[in-house]
Amino acid sequence: MQKRILGKTGLEVSVVGFGGIPIQKLPMREARRLVGEAVERGINFFDTAQGYGDSEVKIGEGIKGKRNSCILATKSPCRTADEAFSHVKKALKRLKTDFIDLYQVHHVSKPFELEKVLSPKGALEALVRLKKEGMIRHIGITGHNPSLLQEAIRRTDEFETVQFPFNIVESEKDKFSLLNVAKQLKVGSIVMKPLAGGVIPEPQLSLRWILQQGVDTVIPGMILSSEIKENVITGERPHPLSSEELSRLKDSVKDIGKNFCRRCMYCEPCPEGIPIYFIQELGDKAKVKVDEIKNMCKEIYARLKKDVEDCTDCGECEEKCPYQLPVREMLREKHKLLT
Ligand code: SF4
Ligand code: SF4
């Protein structure tokens with residue numbers, strides 16, 4: 001697996017890292033095995049979050065005995081110093097570790113949130129202190145608003161990494177601009193949603209296209225051994241796309257448009273407890289022609305405590321979705337695919 005230096009953190013991370021959202025829906029035993037397999041195959045960068053169900057716990061279990069060969073990144077929506085102190089403490093416990101390599105302020109997408117984080121007694125002040133005390137080694141920021149993230153890394157040099165969604169269907173100018181500024185400031189770049197939440201039908205070409213743009217690491221979610229194997233092969237030789245491959249990738253996404261779920265979670269929580277973004281993702285994964293993946297998605301859906309049948313049609317999710325998606329209609333379609 002090739003490695004790149006994650007900006008000024010100096011950490012040497014695998015170009016393909018492990019995105020921690022999907023494993024929250026796997027049984028503990030399978031999740032532990034999957035994480036262990038990822039480490040054995042050369043993935044050393046693991047990204048999770050307080051908000052990803054029990055993902056932190058599962059990753060902590062999966063890397064048991066292998067902690068020294070792993071770089072652990074997690075995050076929380078901490079905005080105040082008190083929140084940062086308590087969230088880091090909780091993460092250390094859940095990950096079963098003495099220190100976290102990279103702690104990120106999660107999902108900073110509105111200007112007032114950034115102000116709160118940067119203000120006296122804000123989250124950043126606490127994270128700097130926790131870094132001095134050795135509980136965390138580096139500090140990062142994540143979000144879906146590229147211009148706000150750019151402002152954040154310009155306003156303080158405490159953020160050593162920036163994490164944002166980026167792929168061939170979500171490659172707006174402000175994302176290239178953020179990437180350039182991050183490079184100039186030696187801020188490490190971490191790309192989430194490299195497969196646009198599973199809607200890009202050529203996953204390996206997509207990963208290579210992103211790496212070709214000069215990002216430090218991409219973190220696709222993985223729930224199958226086959227996904228780990230394929231991603232590792234790509235990470236071992238992430239060569240730029242040929243013109244034929246680029247045309248193939250562009251052709252594969254030409255009908256996607258902008259009307260798809262980005263897994264940003266703005267629509268949650270649903271008052272009925274329906275895991276909206278997760279069902280969207282599962283439904284998109286189930287569209288593939290591979291029976292193994294389709295059946296796995298159906299099994300996972302069948303195990304959910306709440307599903308689309310619990311929807312009361314309140315419409316709250318559509319009011320909150322920043323992409324103005326017809327969320328209810330999309331969920332009903334996904335339900336059909338998954339049952
Ligand atoms: S419309 Fe359905 S899915 Fe959306 S918030 Fe209401 S109950 Fe939840
Ligand atoms: S439905 Fe909209 S708000 Fe919800 S995760 Fe998808 S894109 Fe985000």
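Ala, Val, Leu, Ile, Met, Phe, Trp, Tyr, Cys and Pro count here as nonpolar, Asp, Glu, Lys and Arg as charged, and the others, Gly among them, as polar. In this predicted model, the shell around ligand 1 divides into six nonpolar, two polar and four charged residues. Its members include Cys-270, Cys-311, Cys-314 and Cys-317. Glu-272, Asp-313, Glu-316 and Arg-328 also belong to this shell. Helix H13 (316-320) and helix H14 (327-338) each supply at least two of the shell residues.

Ligand 2 is surrounded by 14 residues. The closest are Cys-261, Cys-264, Met-265, Cys-267 and Cys-321. By class, this shell has 11 nonpolar, one polar and two charged residues.

The strands E3 to E10 form an open sheet of eight, in the order E3-E4-E5-E6-E7-E8-E9-E10, with parallel pairing. Strand E3 (18-19) and strand E10 (217-218) are the edge strands, and each pairs on one side only. Within the sheet, strand E7 (residues 136-142) and strand E8 (residues 161-165) pair in the parallel sense over three bridges. Ile-141 stands opposite Val-162 in E8. Helix H5 (residues 123-132) packs on the sheet and touches strand E6 (100-105) and E7. The direction of H5 makes about 155° with that of E7.

Helix H9 (residues 225-236) has 12 residues. At 1.5 Å a residue, H9 should span 16 Å, and its end C-alpha atoms are 16 Å apart, so the two values agree. Buried residues of H9 are Ser-225, Glu-227, Ile-228, Asn-231, Val-232, Thr-234 and Gly-235. These buried residues pack against helix H1 (28-40), helix H8 (203-212) and helix H11 (276-285).

Methods: Residues numbered from 1 in each chain as written. Chains lettered and ligands numbered in written order. Predicted model: local features only at pLDDT ≥ 70, side-chain atom pairs only at ≥ 80, totals over all residues. Heavy atoms only, no water. Near = heavy atom within 4 Å. Helix = DSSP H or I, 4+ residues; strand = E, 2+ residues; numbered from the N terminus. Expected span 1.5 Å × (residues − 1). Buried < 20%, exposed > 50% of the residue type's maximum accessible area, 1.4 Å probe, protein only. Contact = heavy atoms within 4.5 Å. Pairing = 2+ DSSP bridges. Axes fitted to C-alpha atoms, helices over the stretch in contact; angles between N-to-C directions.
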